[in-house]
Amino acid sequence: MDNLSGNSISVGLLGCGVVGAGVAKLLAQNGDLIASRIGMEIKLAKAADINPDAVADLNLADGVYTNDAMDVINDPTIPIIVELIGGQGIAKDFVLAALNKGKTVVTANKALIAAYRDEIAEACEKSGADFLFEASVGGCMPVIKSLRESLVSNKVDSIFGILNGTCNYILTQITQEGMPFDQALAQAQELGFAEADPTLDVEGMDTVHKLALSVALAFGTRVNYKEIYVDGITRITPLDITIAAEFGYSVKLLAIAKNHGDFVEARVHPTMIPHDNLLSSVGRNMNAVKIVGDAVGEMVLYGAGAGMMPTASAVVGDIVDAARNIQLGCHPRIPAFSYQPAAIRELPLMPMDELVSRYYVRFSALDRPGVLSKVSGVLAKYSISIASVHQKGRHTEGPVPIVMLTHEAKEANIRKALEEVGSLDVIAEAPMLIRIEDENQE
């Protein structure tokens with residue numbers, strides 16, 4: 001394969017949407033800077049998109065644009081294929097076709113990797129191809145590189161991440177401006193921080209995809225993303241945020257993973273964290289990840305988790321790594337999923353019912369004598385001890401919001417208790433719970 005022409009290497013781009021356009025612009029804008037650092041030119045040889053309007057503003061040279069992705073993949077002079085189509089459909093076919101030809105694939109497609117990790121790994125192993133996906137988790141933050149390279153000598157104990165800018169922006173606006181969820185979401189959409197259909201973001205599935213990849217790289221195990229517990233942010237209200245603050249907590253959508261040795265804990269849900277936790281101060285559409293390793297201790301990464309140029313920066317970083325590997329004839333230098341294939345273990349996920357945590361519980365109750373005793377009686381029945389109680393708005397008509405913070409309890413017990421509480425004739429609305437993650441909580 002004629003991969004190198006003089007002192008340049010050719011790249012093929014599949015998908016010229018927001019991130020794809022950013023990659024093309026960054027290669028053109030900073031091409032000389034990149035060449036001065038790596039000693040060769042990164043040349044965008046072909047760019048494929050079914051919509052010719054997608055490349056109208058990219059000033060591509062004659063012959064670079066094509067509407068046929070296979071025209072790019074089959075070109076023997078292009079050793080690096082960048083897949084930025086997204087989704088789990090045709091993108092999968094293109095990625096596997098490129099890998100089976102021995103070509104390096106760079107992608108930001110976390111949904112694809114989470115769903116078809118094993119097929120991708122098998123294709124890489126058979127063909128000896130590199131597969132790089134830094135931009136799939138945390139945008140411009142080097143989460144993947146840290147787990148695959150910088151922390152290679154560490155036993156990673158845990159990962160705590162704010163990995164979705166849409167959710168973080170919404171929660172920030174609820175916190176700082178007192179906005180209801182729907183208004184904060186609409187504002188996020190106006191600013192381009194949320195998609196027209198934000199379901200994957202606000203229901204937590206985007207974060208689940210990212211956590212599944214992070215767990216595989218950190219703990220050396222296969223993870224079925226469909227088995228990861230997920231709860232979105234749609235029921236979070238300004239009242240929840242206000243009361244959490246009164247107790248000294250912020251509310252964030254967290255991706256949480258812990259290595260228990262013979263099993264793995266992985267979950268995504270709204271979480272109350274203390275104000276002195278670094279993740280508590282991460283605002284607007286920013287992302288952050290705290291990784292705890294046995295040698296490094298705590299390490300925090302912070303940056304833009306999405307957006308044209310931040311994500312393009314991570315993609316181009318992978319392109320440069322791929323180019324260096326090809327130039328030196330040392331690819332695949334690092335296993336795609338961090339561990340040697342034979343060393344990957346089958347570790348079970350901890351059932352969510354086994355989680356032991358503290359909880360914030362909110363319910364609306366009729367303002368009648370004996371309500372608290374009824375609720376506390378149900379909680380006591382399931383061995384749940386109450387740490388604090390807040391009651392709001394006794395001067396108003398209608399149901400009264402009541403909030404309780406519990407001591408540590410088992411998830412299975414809190415769920416059963418809340419189901420029973422919700423059936424009481426004095427309860428006007430299904431109870432809401434938020435898990436609490438304290439630094440000293442096991």
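Predicted model: local features only at pLDDT ≥ 70, side-chain atom pairs only at ≥ 80, totals over all residues.
Helix α14 covers residues 411-422, 12 residues in total. The distance from its first C-alpha to its last is 16 Å, close to the 16 Å expected at 1.5 Å a residue. The buried residues of α14 are E411, A412, I414, A417, L418 and V421. An α-helix has 3.6 residues a turn, so residues three or four places apart point the same way. Among the elements that cover the buried residues of α14 are the strands β14 (356-365), β16 (400-406), β17 (409-410) and β18 (432-436). Helix α13 (371-381) also contributes to this cover.

The number of aromatic pairs comes to 4. One of the aromatic pairs is formed by F133 and F337, with ring centres 5.4 Å apart and an angle of 35° between the planes, and is classed as tilted. F133 is located in the loop between β7 (131-132) and α6 (143-150), while F337 is located in the loop between α12 (308-328) and β14, so the pair ties together parts that are 204 residues apart in sequence. Both F133 and F337 are buried. Together with F131, these two residues make up one aromatic cluster.

Two lysines were found over aromatic faces. K92 lies over the face of Y116, at 4.2 Å from the ring centre. For K290, which lies over the face of F160, the corresponding value is 5.3 Å.

The structure contains 2 cavities of 30 Å³ or more. Helix α6 provides the largest share, 4 residues.

The largest pocket has a volume of about 1400 Å³. It is lined by 50 residues, of which V19, G86, A108, K110 and E195 are the closest to its centre. At least two lining residues of the largest pocket come from each of the helices α1 (18-29), α4 (90-100), α5 (110-127), α7 (165-177), α9 (199-202), α10 (205-219) and α12.

Terms used. Residues numbered from 1 in each chain as written. Heavy atoms only, no water. Expected span 1.5 Å × (residues − 1). Buried < 20%, exposed > 50% of the residue type's maximum accessible area, 1.4 Å probe, protein only. Contact = heavy atoms within 4.5 Å. Phe/Tyr/Trp six-rings, centres within 6.5 Å; stacked < 30°, edge-to-face > 60°. Lys NZ or Arg CZ within 6 Å of the ring centre and 35° of its normal. 1 Å grid on protein atoms, 1.4 Å probe; cavity = no way out; pocket = protein on both sides within 12 Å on 5 of 7 lines; lining within 4 Å. Points joined across faces, edges and corners; volume = space filled by probe spheres on them.
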